[in-house]
Amino acid sequence: MKNIKTIQLGQDGPHVSKLGLGCMRMSSIWGSPTPDETESIATIHEALDSGINFLNTGDFYGAGHNEMLIGKAIKGRRDDAFISVKFGAIFHNGQWLGMDLRPLAIKNFINYSLTRLGIETIDLYQPSRMDNSVPVEDIIGTIADLVKEGKVRHIGVSEITADQLRKANSIHPISALEIGYSLADRQTESELLPTARELGIGIVAFANTAEGLLSGDMKAPLAVDDYRNHFSRFQGENLVNNLRKVEVLKQVAASKGCTPTQLAIAWVNAQGDLVMPLVSMSRRSRLPENIAAMDIEFTPEEMNILNTTFAPGAILGGTYLER
Ligand SMILES: NC(=O)c1ccc[n+]([C@@H]2O[C@H](COP(=O)([O-])OP(=O)(O)OC[C@H]3O[C@@H](n4cnc5c(N)ncnc54)[C@H](OP(=O)(O)O)[C@@H]3O)[C@@H](O)[C@H]2O)c1
């Protein structure tokens with residue numbers, strides 16, 4: 001079954017599946033236990049068999065565990081996969097300490113990633129944030145050197161401002177912008193996304209479900225040990241208000257015979273040919289539902305209801321990007 005549409009990342013850039021597989025939750029994050037590795041690898045295999053070739057990881061996901069897992073999964077089928085790697089975030093004991101994007105550090109990180117993945121070239125290599133202590137020229141220039149060396153094919157960026165994106169693209173063509181984007185996080189629509197579109201840069205949109213908020217399964221209050229309690233949109237009255245909005249999503253989904261998660265993914269997909277929904281799936285059972293979401297179309301009225309209910313600012317509490 002190879003029925004996934006494709007998307008071009010950047011002008012003259014690579015063609016990859018329009019639905020991306022986010023692998024982050026296949027490793028321990030924020031102190032959670034490591035998910036079932038056999039199921040994770042089976043999920044990657046089934047995704048590749050289905051035509052989803054865009055696999056997204058970060059060298060800090062599970063402190064290298066995620067790259068090693070992907071390395072195992074793509075052994076013997078390297079050509080089926082397009083590997084996107086983020087780097088530069090420094091964690092210690094599960095706490096984010098900051099970014100390290102010094103040229104010397106980047107040249108170190110890449111070799112460890114290549115070894116863990118068991119490959120010779122990373123298809124898309126991207127700093128996970130900018131490091132304000134290092135000029136954008138030096139960051140992108142260093143990755144451009146890695147392109148010349150054959151260790152990297154294409155350059156991406158993530159969680160960046162419109163000005164930084166323009167600057168980065170003037171140094172070396174940027175293929176993709178990885179950014180949190182969903183019905184619950186639309187603040188980037190005013191400046192960043194138009195800039196990416198103007199420059200022809202692919203928009204790899206993650207957190208389509210806003211960490212489960214839009215899945216339709218969430219109830220207030222969250223369990224006391226839920227990591228999302230740290231974020232104000234999941235707290236107290238904010239969560240109660242936000243789940244009221246999700247009721248509208250649930251109603252539209254029910255009227256279309258799909259699930260709220262499918263609708264949340266379909267809305268991201270409907271934002272245009274340059275936009276890829278990048279969805280976390282750690283089990284095979286997620287794949288048929290999320291692949292089917294890519295075929296959902298909206299009437300103008302349905303789109304209007306969703307865009308109005310989830311207008312920028314409608315979701316109370318801090319945005320994903322404000323963390
Ligand atoms: N650049 C960045 O700063 C950044 C930050 C965060 C994430 N990312 C990337 O983006 C990817 C996606 O981000 P995310 O995990 O935050 O958001 P997400 O794709 O919205 O996933 C959140 C949760 O939704 C669940 N899910 C998937 N399909 C579902 C379905 N059909 N019904 C109900 N639940 C479903 C997943 O569960 P299961 O895991 O149990 O399948 C996952 O736990 C990550 O894997 C990572 O590669 C990038």
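**Strand pairing, burial and the ligand shell**

Mentor: Two bridges connect strand S3 (residues 20-22) with S4, and the two strands run parallel. The structure is a predicted model, in which local features need pLDDT of at least 70 and side-chain atom pairs count only at pLDDT 80 or more, whereas totals for chains, interfaces and linings use all residues. Residues are numbered from 1 along each chain as its sequence is written.

Trainee: Which element does the chain pass through between S3 and S4, and what is the handedness of the crossover?

Mentor: The chain passes through helix H1 (residues 37-50), and this β-α-β crossover is right-handed. The term applies if, with the strands pointing away from the viewer, the path from the first strand over the helix to the second runs clockwise. S4, helix H2 (residues 65-74) and S5 likewise form a right-handed β-α-β unit.

Trainee: How do you know that S4 and S5 pair as well?

Mentor: Five bridges join S4 (residues 54-58) to S5 (residues 82-87), and the two strands are parallel. Phe54 stands opposite Phe82, Asn56 opposite Ser84, and Gly58 has Lys86 as its bridge partner. On its other pairing, S5 is joined to S8 by four bridges in the parallel sense, with Val85 partnered by Tyr125 in S8.

Trainee: Which strands make up the barrel, and in what order?

Mentor: Eight strands close into it in the order S3-S4-S5-S8-S9-S10-S11-S12, with parallel pairing. From one strand to the next, the twist averages 30°. Helix H4 (residues 136-149) lies across S8 (122-127) and S9 (152-158), at about 160° to S9. Such angles run from 0 to 180 degrees between N-to-C directions of axes fitted to C-alpha atoms, for helices over the stretch in contact.

Trainee: Why is S4 described as largely enclosed by the rest of the structure?

Mentor: Five of the five residues of S4 are buried, and the strand is therefore largely enclosed. Phe54, Asn56 and Gly58 are buried on one side, and Leu55 and Thr57 on the other. S5 is also largely enclosed, because six of its six residues are buried. Phe82, Ser84 and Lys86 point one way from S5, while Ile83, Val85 and Phe87 point the other way.

Trainee: Why is Ala81 called buried?

Mentor: A residue is buried if 20 or more other C-beta atoms, placed from the backbone, lie within 10 Å of its own, exposed if 12 or fewer do, and partly exposed in between. Ala81 has 22 C-beta neighbours inside 10 Å, so it is classed as buried. Ala81 is located in the loop between H2 and S5. Leaving aside neighbours within four places in sequence, its contacts (C-beta atoms within 7 Å) are Leu48, Asn53, Leu55 and Ile74.

Trainee: Is Asp80 buried, exposed or partly exposed?

Mentor: Asp80 has 16 other C-beta atoms within 10 Å and is therefore partly exposed. Asp80 lies in the loop between H2 and S5. Not counting residues up to four places away, Asp80 touches Leu48 and Asn53.

Trainee: What makes the backbone of Ala63 and of Glu159 worth noting?

Mentor: Ala63 has a positive phi of about 50° although it is not a glycine. Phi of Glu159, another residue other than glycine, is near 45°. Ala63 is partly exposed, because 13 other C-beta atoms lie within 10 Å, whereas Glu159 is buried, with 21.

Trainee: Which peptide bond is cis?

Mentor: The bond joining Ala220 and Pro221 is cis, with omega about -10°. Pro221 belongs to the loop between strand S11 (202-206) and helix H7 (236-256).

Trainee: Which residues of the ligand shell come nearest?

Mentor: Gly22, Met24, Phe206, Thr209 and Ser280 do, of the 27 residues around the ligand. A residue is near if its C-beta atom, placed from the backbone, lies within 6 Å. Strand S12 (275-280) and helix H9 (286-293) each supply at least two shell residues.

Note on methods. Two strands pair if DSSP finds at least two bridges between them. Two residues are in contact if their C-beta atoms, placed from the backbone, lie within 7 Å.
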